[in-house]
Amino acid sequence: MILDANNYLEVADTAAAEIRRRAGVEGVDIALVLGSGWSGGVDKLGSIIATIPLEELSGFSRPVVAGHGGNAIITEVAGRNVLVYTGRTHFYEGRGTDAVAHGVRTAAALGAQVFVVTNGCGGLDTSWKPGQVVVLRDHINLTAATPLHGPTFIDLSAAYDPELRALVHDIDPTLPEGVYAQFTGPAYETPAEVRMAGIMGATLVGMSTALEVIAARAANLRVLGLSLMTNLAAGVSPNKLDHAEVIAAGREAAPRLATLLAQVTQRIATTIDFDTPRPS
Ligand code: 8IG
């Protein structure tokens with residue numbers, strides 16, 4: 001089944017049914033997307049119930065980027081089922097925004113209520129060093145695209161859930177907050193584009209996340225965004241951007257990220273109210 005604007009909910013329901021059957025679970029409570037640098041953390045989260053290659057699930061495809069894994073992993077954390085994607089579809093792959101949003105929609109179809117999105121990205125704040133983790137406070141969607149269809153006027157005034165942000169600060173009070181600007185990529189920004197993003201209010205630049213978060217809010221998922229700043233953005237540092245350096249910064253940070261992710265997931269599983277219906 002080719003995912004398109006007419007069948008995206010049906011394909012998400014199909015993928016959710018495939019995950020239910022293959023993992024033998026009724027649903028999930030929490031979904032995580034592990035971006036550049038973050039995918040090593042999955043073993044530390046809890047006990048793994050199933051590992052499913054993404055390309056075996058309807059509507060998904062094999063991630064193309066080096067440094068990204070490519071599985072949907074079901075794991076149990078403190079009695080809650082957690083769906084972990086170790087790979088994502090990026091907008092620059094040209095498969096459209098429904099392909100970008102498909103993981104989020106599949107998680108929603110499985111009953112997830114919390115969506116934790118992670119990424120590797122560039123930073124504009126020179127007080128940050130590569131390896132800095134930043135909690136997302138807001139985003140700027142610079143893709144000129146949306147995963148939504150028709151008059152879907154969703155509120156994004158608190159897209160990044162204040163309670164989830166507070167939960168992370170409680171675990172690590174040193175983590176700063178940032179505003180993430182999603183560019184289309186796959187080229188990194190020019191220095192002028194980075195200056196523009198800074199004037200607009202961004203402190204991080206990347207190629208993912210904002211479109212996924214829009215889809216997540218449309219599905220009424222509560223969102224937490226965590227960025228790994230792997231590099232200062234173009235023109236902010238005197239150095240050129242190099243994908244190998246990005247991967248190396250991620251590798252160096254991996255043990256720290258795994259610990260943080262495990263703590264955050266554990267805290268979400270044990271303190272968030274999954275039972276009281278929330279207004280959209
Ligand atoms: I990792 O500097 C990583 N991803 N757009 N800019 C953009 N994406 C990135 C960057 C960056 N670093």
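**View 1. Surface of the predicted model.** The accessible surface of the protein comes to about 11,600 Å², computed by the Shrake-Rupley method with a 1.4 Å probe. Carbon and sulfur atoms own 52% of that surface. This is a predicted model: local features need pLDDT of at least 70, side-chain atom pairs count only at pLDDT 80 or more, and totals for chains, interfaces and linings use all residues. Residues are numbered from 1 along each chain as its sequence is written, and side-chain values use heavy atoms, with hydrogens and water left out.

**View 2. Overall fold.** The protein has 7 helices and 9 strands, taken as DSSP runs (helices H or I, at least four residues; strands E, at least two). Its radius of gyration, over C-alpha atoms, is 17 Å, close to the 19 Å of the globule rule for 280 residues, so the protein is as compact as a globular protein of that length. The rule is 2.2 Å times the number of residues to the power 0.38. Of the 280 residues, 54% are buried (under 20% relative accessible area, 1.4 Å probe, protein chains only).

**View 3. The largest nonpolar core.** This core holds 39 residues. A nonpolar core joins buried Ala, Val, Leu, Ile, Met, Phe, Trp, Tyr and Cys residues through side-chain atoms within 4.5 Å. Leu83, Tyr85 and Phe115 have the most contacts inside the core. Helix H1 (residues 8–23) gives the most to it, with 4 residues. Another core lies apart, with 32 residues, among them Leu32, Val116, Leu226 and Leu228.

**View 4. Around Phe115.** Contact means heavy atoms within 4.5 Å. Beyond four places in sequence, Phe115 touches Ala31, Val33, Val104, Glu212, Ala216, Leu221, Arg222, Val223 and Leu224.

Notes:
Buried < 20%, exposed > 50% of the residue type's maximum accessible area, 1.4 Å probe, protein only.
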